[in-house]
Amino acid sequence: MIWGENKLKESLLYVDDITVMREEKEVLKDVSIKVLPGEITGILGRNGAGKSSLAYAVMGLPNYKPKKGAMYFRGQDITNWGITERARAGITLAWQHPARYEGISVAEYLKISSRKEIDVRKMEEALNLVQLESSYLSRKVDKSLSGGERKRIELASVYLMNSQLTILDEPDSGVDLLAMADIISLFRKMTENGRSVLIITHREDVASQCDRSYLMCSGEIVLEGTAEAVRRYFLSQCIPCPEHKDETGETQE
Amino acid sequence: MKVVEEYSQLLEIASRTGGGASALGDKDTVYMVVHANKIIGKNILPGVEIDAVETAEGIDAVITVTKGTIIEKPVHMCFGHLGHEGKQVIKSKMVIEDGARAEFLAHCIFPNAVEFLHAMEGEIQIGENASFAYREVHVHGREGKIKVRPKSKVVVGGNSSYIGDFTLVEGRVGDLDIEIEVEARGAHSHVDIRSKIYGKYDDICKIKDVILLNGEGSSALVKARVVLKDESKGSFLGLVDGAAAGARGHVDCTEVVQGRAVAEASPVVRASHPEAEVTHEAAIGRIADEKIEGLMAKGLSEEESIEVIVSGLLR
Ligand SMILES: Nc1ncnc2c1ncn2[C@@H]1O[C@H](COP(=O)(O)OP(=O)(O)O)[C@@H](O)[C@H]1O
Ligand SMILES: [Mg+2]
């Protein structure tokens, strides 16, 4: 299909019509998205829409292997690639709830991210961007960190990875201390030199900062367009959600 | 093998076990090096008395840190055997007198042991206002099933603290059965027991930590980190009895299994005094996928990820 081939050529990431099952349930249904070089792409949707599932499918988690469809990264078919291969090829993910590691210091954790020798100054600079003092380098990435601190360390970590594609799953949750402007400028830094960011969020104000957005609902992409168009549609059609009788439209993370 | 060679080999291996073991042999450090049943090196400084005799199968030692003595540099004890088979039985009595403060590092080095028994029977008495840390690190070879039987009984006096730390992560564990019984006898005494063990092949790792909080306001933390792979087996029994007013205790055990390894944990907490409080947390299981996947998303392979997670746990 010519249309498909064009999308493939211009996209950094092209997810082509994937369906992902979790325990008999289609958590992703015929999902197609593209991420263009140098752009921030948003996936907006309410809690349970399937946003994290999409992030996991792109990252290559074995439990989220598509039963149909394909995924292309820099023109290569990565559908059957494992997590490590994808990471080494330039895809990474800042998890919605990053795992904790007993005994591993923040410094060590940040070093793992960069996969090469990295000097302390660079690590301090990364921590600075998420407003953490350099004293955090000797802290452990374990239960002693608050949820927000852990999230910020994850952001610093993916920042240092310099990946071609950084997926950020609800990057703002638990990081209230960071001003929206700061956090967006951090994401913009991650798009320097033609690199791209895929932001997953349930907040339309975050999505409105993206270059392009998709709206997701019940495992499906229901709208694709400019961030502003998607934001307006979301505010008018999804709050309150016509299917889920919910007065406030409030979503928890 | 000449004594000089045995000495230098033991020291070379000990120096890799961390804790500043390179100080072994220094004139300003208290140390004793035992190979099989021979004391092949010893240095004593004022405030420390070591009365050791060689027995048929090992040594008997009485070690005293005298009243008020504060030893800044850790005391190093090296117990080793470079042979394939044999037996080493160390009987010791350690007395930490009132107001004394010391840290002992015991390096137990059996790099070639296959058919071997290493037994330790220790009695530790800690006076009042004193503090004592005993850290034991084992280095075993990759083969054989060395039997390791450390047993110790510790009594801690008022306002004193005892730290007991046991590490066996390098080489095979063999067949380990460690038993520690500590009585926090004095008021406001504190006990901290940690074990870090990495079982492989068909190793057997048994840990039993029993803490009696008999002193008013005494406290204890018992922490065990056991990683088991292949077909190894591990069991942890941690018992803390809060038997006095204001006694506080906590047992924290994590056992990670891989392959066909089997783990068992029984944290037993008892508050035999109504104003005592003892809590526990125990987790046994495989390393959570999200932990492994989290590191894989940074480019590590699955094996590398597991290695990082395990090394963190056993630190
Ligand atoms: N392990 C699972 N088994 C079955 N259903 C799951 C599993 N994980 C997630 N789901 C379901 O998949 C849907 C999408 O979840 P998720 O991708 O986490 O949504 P979001 O990130 O948008 O909140 C939800 O309805 C959720 O209940
Ligand atoms: Mg989610």
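**Figure 1. B:Lys87 stands opposite B:Leu117 of strand E8 in chain B.** The close-up is taken from a predicted model. Strand E6 (residues 85–96) and strand E8 (residues 115–126) of chain B run parallel and are joined by twelve bridges. E6 and E8 belong to an open sheet of nine strands in chain B, ordered E3-E4-E6-E8-E10-E12-E14-E16-E18. Pairing within this sheet is mixed. Its edges are formed by strand E3 (48–54) and strand E18 (262–271) of chain B, each of which pairs on one side only. With direction ignored, neighbouring strands of the sheet are turned against each other by 5° on average.

**Figure 2. Strand E8 of chain A has both faces covered.** This strand spans residues 196–201, and six of its six residues are buried, so the rest of the structure largely encloses the strand. On one side lie A:Ser196, A:Leu198 and A:Ile200; on the other lie A:Val197, A:Ile199 and A:Thr201. Strand E3 (residues 40–45) of chain A runs parallel to E8(A) and is joined to it by five bridges. A:Ile43 stands opposite A:Ile200 of E8(A). Strand E7 (residues 165–169) of chain A also pairs with E8(A) in the parallel sense, over five bridges. There, A:Ile167 has A:Leu198 of E8(A) as its bridge partner.

**Figure 3. Aromatic pairs in chain A include A:Tyr14 with A:Tyr72 and A:Tyr56 with A:Trp95.** Over all chains, a search of the whole structure finds eight aromatic pairs. The ring centres of A:Tyr14 and A:Tyr72 are 6.2 Å apart and their planes lie at 20°, so this pair is stacked. It links distant parts of the chain, 58 residues apart: A:Tyr14 is in strand E1 (residues 13–22) of chain A and A:Tyr72 is in strand E4 (residues 68–73) of chain A. A:Tyr14 has a relative accessible area of 4% and is buried. The pair of A:Tyr56 and A:Trp95 is tilted, at 5.8 Å centre to centre and 35° between the planes. A:Tyr56 belongs to helix H2 (residues 51–59) of chain A, and A:Trp95 to the loop between strand E6 (91–94) and helix H4 (106–114) of chain A, so this pair ties together parts that are 39 residues apart in sequence. A:Tyr56 and A:Trp95 are both buried.

**Figure 4. Aromatic residues of chain B form a cluster and a site where a charge sits over a ring.** The cluster is made up of B:Phe104, B:Phe132, B:Tyr134 and B:Tyr162. At the other site, the charged end of B:Lys200 sits over the ring of B:Tyr198, 4.4 Å from the centre of that ring.

**Figure 5. Chain A and chain B bury about 1,900 Å² between them.** Of this area, 53% is on carbon and sulfur atoms. A:Tyr101, A:Glu102 and A:Ile112 supply 30% of the area that chain A buries against chain B, more than any other three residues. The contact takes 26 residues from chain A and 21 residues from chain B.

**Figure 6. A:Arg139 lies in the loop between helix H5 (120–129) and helix H6 (147–161) of chain A.** The residue counts as partly exposed, at 29% relative accessibility. Leaving aside neighbours within four places in sequence, A:Arg139 is in contact with A:Ile104, A:Ser105, A:Val106, A:Ser144, A:Leu145 and A:Glu149. A:Glu108 is 31 residues from A:Arg139 in sequence, and the two are 10.0 Å apart in space, C-alpha to C-alpha.

Figure 7. A:Asn162 is found in the loop between H6 and E7 of chain A. With a relative accessible area of 41%, A:Asn162 is partly exposed. B:His188 has a relative accessible area of 52% and is exposed.

How values were computed
Residues are numbered from 1 along each chain as its sequence is written. Chains are lettered from A and ligands numbered from 1 in the order in which they are written. This is a predicted model: local features need pLDDT of at least 70, side-chain atom pairs count only at pLDDT 80 or more; totals for chains, interfaces and linings use all residues. Side-chain values use heavy atoms; hydrogens and water are left out. Rings of Phe, Tyr and Trp (its six-membered ring) pair if their centres lie within 6.5 Å; planes under 30 degrees apart count as stacked, over 60 as edge-to-face and the rest as tilted. Helices (H or I, at least four residues) and strands (E, at least two) are DSSP runs, numbered from the N terminus. Buried means under 20% relative accessible area, exposed over 50%, partly exposed in between (1.4 Å probe, protein chains only). A charge sits over a ring if NZ of Lys or CZ of Arg is within 6 Å of the ring centre and within 35 degrees of the ring normal. Two strands pair if DSSP finds at least two bridges between them. Axes are lines fitted to C-alpha atoms, for helices over the stretch in contact, and angles run from 0 to 180 degrees between N-to-C directions. Contact means heavy atoms within 4.5 Å. Buried area is the accessible area (1.4 Å probe) that two parts lose on being put together, summed over both.
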